[in-house]
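Open the model in your viewer and keep the sequence panel beside it.

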Amino acid sequence: MQSTVMSHATDRAADPASRPIRVVSIPAAHPYVGRITASPDIDVLSDPPVDGAPSGVWWPPAALDPDWIHDHAADADLLHIHFGTESFPPGHVTACIEAAHQVGWLVVYTVHDLEHPQLDNQAAYDRQLDELVRGADALITLTPGAAAGIRERWGRDAVVIPHPSLLSDDVTVPLVLPSAETRVGVHLKDLRPNVDAIGAVTTLIDAVERRRRRGADVVAEVRMHHAVRDPEAREAVRRLVGSSEAALLIEHERLDDLGLAIALSRLDVCLLPYRHGTHSGWLELCWDLGVSVAVPSGIGAYLDQHPDDTVSAYDLGDGASLERAIGALLDADGTTRAGSSARITAVAERRARRDVDDAVNTAAHAELYRRVIAERAS
């Protein structure tokens with residue numbers, strides 16, 4: 001009897017159809033990945049420690065290495081690449097994809113960024129995208145617009161699975177005091193390469209001052225980290241805000257999840273300050289918190305993420321276009337004011353909707369994993 005039980009256990013371990021799909025995710029410890037793999041059908045291996053890095057730091061991803069893949073061949077069924085490839089030179093990911101195939105793993109790549117937000121020069125990343133998109137067994141992306149771009153550029157179809165919620169389950173949505181004053185904010189964070197700090201702040205101040213001249217009680221809130229990548233841009237932002245009675249600047253350390261939720265919940269409209277990019281987790285968090293968002297037009301697939309009246313486009317550098325976008329958002333049926341009962345209701349409704357949508361999207365990932373494994377077996 002014991003030998004029969006052991007034999008059946010061995011059979012189940014060998015057959016991915018009878019157990020959870022074991023996934024090496026690049027990375028594993030990321031809120032996005034945590035959401036889309038929260039299923040008993042998916043078992044994600046922990047990120048291996050990074051030499052010299054503090055605990056909890058996953059970058060550069062140690063699992064994205066041909067030797068590591070060969071050493072852990074028996075531990076997984078599939079390699080799913082999300083973020084962190086920019087840490088490596090072109091050619092490295094091809095070697096990793098080849099190693100994965102050699103040990104019998106399938107490779108899935110989620111195309112989050114057709115333009116990388118952390119990079120000024122996209123040339124090396126473009127070559128890496130060619131490797132990833134052409135080498136992966138299956139592709140996922142987040143929006144129809146990005147899928148169309150992938151099809152046009154590489155002739156491959158990507159499964160569209162929308163972005164999950166980024167509002168942590170541990171965060172109780174904060175209650176903030178209502179105000180007669182309308183607050184339009186932008187968070188420049190650490191001034192990463194795709195943030196047009198000067199252009200965004202100039203545009204925001206112009207738009208808010210235009211509305212104030214029309215009698216509106218509105219203020220521009222600019223946030224920025226103490227530690228930034230571009231000190232010259234920081235000084236320019238300080239000068240711009242200091243020269244306007246319509247704006248205030250808040251500089252602080254990086255906020256934790258609750259602190260960020262409080263800061264965003266105080267806004268009526270949030271401005272995305274990006275000069276390039278594809279998708280935005282920031283936009284998703286704002287949607288979770290009931291905050292309407294103005295996104296730069298002609299850039300990325302931001303409008304596809306939530307094609308409703310809580311997201312509107314403006315032209316970076318054109319204060320009049322942003323003034324119109326702010327007005328449209330404030331007048332829209334889906335817009336709620338900070339601290340209002342309508343905002344509280346909207347956040348609760350969206351959280352309930354996310355619970356359903358995230359479960360559907362997680363199941364879609366598990367289904368895709370099983371499909372590509374079955375296709376390989378056949």
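## Stop 1: the largest cavity

Select helix 13 (residues 341–377), which gives the most to the lining of the largest cavity, with six residues. Helices here (H or I, at least four residues) and strands (E, at least two) are DSSP runs, numbered from the N terminus. This is a predicted model, in which local features need pLDDT of at least 70 and side-chain atom pairs count only at pLDDT 80 or more, while totals for chains, interfaces and linings use all residues. Residues are numbered from 1 along each chain as its sequence is written, and side-chain values use heavy atoms, with hydrogens and water left out.

A cavity is a set of points, on a 1 Å grid over the protein atoms alone, where a 1.4 Å probe fits but cannot get out; lining residues have an atom within 4 Å of a point. The volume of this cavity is about 90 Å³. Grid points are joined across faces, edges and corners, and a volume is the space filled by probe spheres set on the points.

Colour the lining by class and you get two nonpolar, one polar and eight charged residues. Ala, Val, Leu, Ile, Met, Phe, Trp, Tyr, Cys and Pro count as nonpolar, Asp, Glu, Lys and Arg as charged, and the others, Gly among them, as polar.

## Stop 2: the second largest cavity

The whole structure holds three cavities of 30 Å³ or more. Strand 7 supplies the largest share, three residues. The space inside is about 50 Å³. Its lining has five nonpolar, two polar and two charged residues.

## Stop 3: the second largest pocket

Next select P162, Q305, H306, R353 and D357, which are the closest to the centre of the second largest pocket among the 17 residues that line it. A pocket is an open set of grid points with protein on both sides within 12 Å along at least five of seven lines. This one has a volume of about 280 Å³.

Which elements give two or more residues to the lining of this pocket? They are helix 10 (281–288), helix 11 (302–305) and helix 13. The largest share, four residues, is from helix 13. By class, the lining has six nonpolar, five polar and six charged residues.

## Stop 4: helix 10 against helix 13

Keep helix 10 and helix 13 on screen. Their axes come within 8 Å and cross at roughly 120°, which makes helix 10 oblique to helix 13. Axes are lines fitted to C-alpha atoms, for helices over the stretch in contact, and angles run from 0 to 180 degrees between N-to-C directions. Angles under 35 degrees count as roughly parallel, over 145 as roughly antiparallel, 65 to 115 as roughly perpendicular and the rest as oblique.

To see the contact (heavy atoms within 4.5 Å), show E284, W287 and D288 of helix 10 with V347, R350, R353 and R354 of helix 13. These residues divide into two nonpolar, no polar and five charged.

## Stop 5: helix 4 against helix 5

Select helix 4 (residues 92–102) and helix 5 (residues 123–135), which pack at an angle of about 20° with their axes 8 Å apart. Helix 4 is therefore roughly parallel to helix 5. H92, V93, T94, I97 and H101 in helix 4 meet Q128, E131, L132 and G135 in helix 5. The contact has three nonpolar, five polar and one charged residues.

## Stop 6: backbone details

Finish with the backbone. Most residues other than glycine have a negative phi, and most peptide bonds are trans.

- Select I26 and P27: the peptide bond between them is cis, with omega near -5°. P27 sits in the loop between strand 1 (21–26) and helix 2 (31–36).
- Select W59 and P60, joined by a cis peptide bond with omega about -10°. P60 is in the loop between strand 2 (42–44) and helix 3 (66–71).
- Select K189, a residue other than glycine with a positive phi, near 50°. K189 lies in the loop between strand 7 and helix 7 (197–213).
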